[in-house]
Amino acid sequence: MDLHIIGAEPTPEERAAVDAVLGQPESGWDGGPRDAGRDGRVARGGLPAAQERRDLLLPGLHAVQDRIGWISRGALNYLCTRLLVPPAEAWGVVTFYHLFATEPRPPVVAHVCDDVACRARGARELCGALRATIGPPGTPVAGGRATWVTSPCLGLCERAPAALVLRAGNERQGHELAPVSSAAEVAEALLAPPTAAPLDVRTIAPQAGSPDLVLLARVGVADPESLDSYRAHGGYQALTKALELGPAGVIAEISASKLVGRGGAAFPTGRKWEAVAKQPARPHYLVMNADESEPGTFKDRVLLEEDPFALVEALTIAGYATGCEFGYVYLRGEYPKAEARFANAITQARAAGLLGANVAGAGFTFELEIRRGAGAYICGEETALFNSLEGKRGEPRSKPPFPVEVGLFGKPTLVNNVETLANVLPILTGGGAAWAAIGTGNSTGKKLFCLSGHVQRPGVYEVSFGKTLGELIELAGGLAPGRSLQAVLLGGAAGVFVGPDQLAMPLTFEGARAAQATLGSGVVLVYDDTADLPDALLRIAEFFRHESCGQCVPCRVGTVRQEELLRRLAENRLHGSLETEHALLADLGQAMRDASICGLGQTASSAIESALRVLAPFGGRP
C-alpha cells in the first residue's frame with residue numbers, strides 16, 4: 001500500500017515535531033509495521049497495532065501545528081507513513097477542524113471571537129476595526145510573522161469581547177486577551193508577547209470565597225497548581241471514602257444522589273456508571289468530555305483552570321467504581337491554560353501515587369491522558385468525540401449500540417462532562433441522600449450557570465436548583481441602570497430564547513420544560529434593550545451551518561437553508577408573507593429534528609424558532 005504523497009517531503013523540523021509524539025523510528029525503519037511502540041505512553045492492551053497507532057493522528061497534527069504554525073503536505077506525509085494512515089483519510093481529518101491550517105500561515109495568530117456572547121459586548125465592532133486597521137482576516141502583519149482570524153466561541157464569555165493569541169514554536173504559547181479594549185490591543189499583542197497580568201478570580205467566579213459554595217469552594221482559595229494546597233482544603237477525602245465503600249458502594253451513593261448529567265442531556269449518572277461496571281468486555285475506558293464548545297459556556301473552563309486536582313480525583317473515583325483502568329480528558333483546543341494546569345495536576349498526582357499502578361496503595365490501576373481537540377463543536381457529541389480520539393473525522397455514530405456497551409475502540413466506555421464529575425466529590429463526602437435533599441425532587445444538588453451578556457457581574461455562578469431566572473440575573477448585578485430586559489438565551493446556541501415575562505421560571509429541569517425552555521449547558525446570556533437580536537439570530541444560524549459535520553442531509557442542507565431564510569428576513573426580502581416564511585422555518589426545523597443523526601441538527605433551529613415565537617425580532621406578532 002502506497003502511503004506517500006507524491007513530491008511532499010517533511011522538513012527536519014517537521015520530522016522532529018512528529019517524532020516528539022511518536023518517538024524515533026527504529027533503525028532501518030521503512031514505514032512498515034515494525035514501528036509500533038508507544039515510547040513510554042501507557043499501553044492499552046487488546047488493540048491491533050495499526051488501530052492503536054491511528055489514535056495518535058490528532059496529537060501528531062497538533063505537534064506539527066504547534067511547532068510550525070501550519071500543517072504542510074510533507075509533514076502530513078511523514079505522519080501518515082509512520083501511522084499507516086492513508087493520506088486521503090488524514091486529509092479528511094485535518095480539514096475537519098478549524099484550528100488546523102493547511103496553507104502557510106504566520107506563527108502568531110490572534111483568534112478573535114465573534115460569537116453570540118462576544119457580539120453582545122462589541123465583537124462585531126471590534127472585528128470591523130481590525131479589518132479597517134490591519135486588513136481582512138488572514139492578512140499578514142509584522143513582516144509576515146503574525147495575523148488575525150475570526151473564531152467561534154472561545155469560552156471566555158465572562159470577559160467579552162475576547163481573543164486568544166496562539167504562538168507556534170518549540171513551546172506552544174497561548175495568551176488570552178479578555179476583554180479586548182480595542183483593535184490596537186490586538187495589533188500590539190501580535191507584535192510582541194503581552195505581559196500576563198494577574199487575574200482576579202472574582203472576574204470569572206464572582207462568588208469566589210463565599211462559605212456556602214460547594215462546587216466552587218476551592219476556586220480562588222486553594223492554589224490550583226499545588227497538590228499540597230488541594231489536600232489542605234479537603235482534597236482526596238472523597239477517594240478515601242470511595243475505597244471504604246468499594247465500587248458497588250460508590251455507585252449506590254451516586255444513584256442515591258439522583259445526580260444527572262450536567263452537559264445538557266440530563267441522563268442519570270448512577271445508571272450510566274452501573275451499566276459500564278457490569279459489562280464483561282475488557283478493557284473499560286473513561287472519557288471526560290471537556291470539549292466545552294457550546295457558545296456562551298465557560299463553567300468547565302473555570303473548574304479545569306482553578307480546581308484541576310478535584311477533577312483528577314473524581315476521574316480516579318469513577319475509574320475505580322466502573323472498572324476503567326484508562327481515562328482520556330478530551331480538552332478544547334482553545335484552552336491552553338486549562339491544559340497546562342490539568343497536565344500539572346496529573347503529573348503531581350502520579351508522583352504522589354494517586355495515579356498509575358496501585359493507586360493510593362489500594363491495588364487498582366488508573367491512568368489519565370489529555371487529548372486536545374482542534375476546534376469542532378460536533379465533538380462535544382460523545383460518539384463524534386470517540387471518532388476524534390481514534391484519529392478519524394469527528395462525525396457522530398448511529399446509536400444503538402450505546403457507548404456503555406460499544407464505545408471508544410469498540411469497548412465499554414463511560415463518558416461524563418466536567419461539571420458532572422465535579423459533583424462526585426461532595427456526594428461521597430456528604431452522602432448521596434444529603435445531596436438529593438438539595439434542590440427539588442427531580443433536580444437535585446447544586447448547578448453552575450454561565451452568566452454573560454448585559455449583566456453587570458458576568459461569570460460562573462453556583463446555586464441550588466430552584467432559584468428563579470430573575471433571582472439569578474439579580475445575583476449577577478442585574479442590568480445596567482436605565483436599561484430594560486429584551487430577552488435571555490438559555491442553554492446556548494442549541495437552547496431557547498425566553499422573554500421578560502419568564503423571569504419567575506424556576507431553574508430546574510421540570511421548570512424549564514414547563515416553560516418550553518431548557519437549561520442545557522447552563523448558559524444564561526442576557527440581552528438588554530440595546531441588543532441587536534436579529535444579528536444574534538443570524539450568528540446562531542451561521543454557527544450551525546459552519547459546525548454541521550455534513551454527514552447527514554437534513555442537517556447539512558437544513559442549516560444552510562435556515563441561514564438563507566434568516567438573511568431574507570433580516571434584509572426584508574421575503575418569499576411571500578412573513579407568516580409564510582415563519583411556516584417554512586418551522587418545516588425546516590421539524591425536518592432537522594426528525595431526521596438528523598445527532599443533537600446538532602436536532603437542535604439547530606431551537607433558539608431561532610423560540611425567538612420568532614416569543615419575541616418577533618423581524619416584525620409581526622410573537
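Biologist: What should I know about the model before we start?

Modeller: Residues are numbered from 1 along each chain as its sequence is written, and side-chain values use heavy atoms, with hydrogens and water left out. This is a predicted model, in which local features need pLDDT of at least 70, side-chain atom pairs count only at pLDDT 80 or more, and totals for chains, interfaces and linings use all residues.

Biologist: Which helix or strand supplies the largest share of the lining of the second largest pocket?

Modeller: On a 1 Å grid over the protein atoms alone, a pocket is an open set of points with protein on both sides within 12 Å along at least five of seven lines, a cavity is a set where a 1.4 Å probe fits but cannot get out, and lining residues have an atom within 4 Å of a point. The second largest pocket holds about 1,200 Å³, a volume being the space filled by probe spheres set on the points, which are joined across faces, edges and corners. Its 41 lining residues include R172, Q173, G174, P336 and K337, the closest to the centre. Among helices (H or I, at least four residues) and strands (E, at least two), taken as DSSP runs numbered from the N terminus, the largest share, six residues, comes from α3.

Biologist: How many charged residues are in the lining of the second largest pocket?

Modeller: Ala, Val, Leu, Ile, Met, Phe, Trp, Tyr, Cys and Pro count as nonpolar, Asp, Glu, Lys and Arg as charged, and the others, Gly among them, as polar. This lining has 20 nonpolar and seven polar residues, and its charged residues number 14.

Biologist: Which element gives the most residues to the lining of the largest cavity?

Modeller: There are five cavities of 30 Å³ or more, and the largest has a volume of about 190 Å³. Of its 17 lining residues, Q65, D66, R105, L166 and R172 are the closest to the centre. Two or more residues come from each of α3, β1 (108-113) and β3 (163-167). With three residues, the element that gives the most is α3.

Biologist: Is F402 buried, partly exposed or exposed?

Modeller: F402 is found in the loop between α15 (382-389) and β8 (413-417). With a relative accessible area of 44%, F402 is partly exposed.

Biologist: Which residue with a positive phi follows α4?

Modeller: Helix α4 (residues 73-83) is mostly covered, with 10 of its 11 residues buried. Among those buried residues are G74, Y78 and L83. After α4, with a positive phi near 60°, comes L84.

Notes
Buried < 20%, exposed > 50% of the residue type's maximum accessible area, 1.4 Å probe, protein only.
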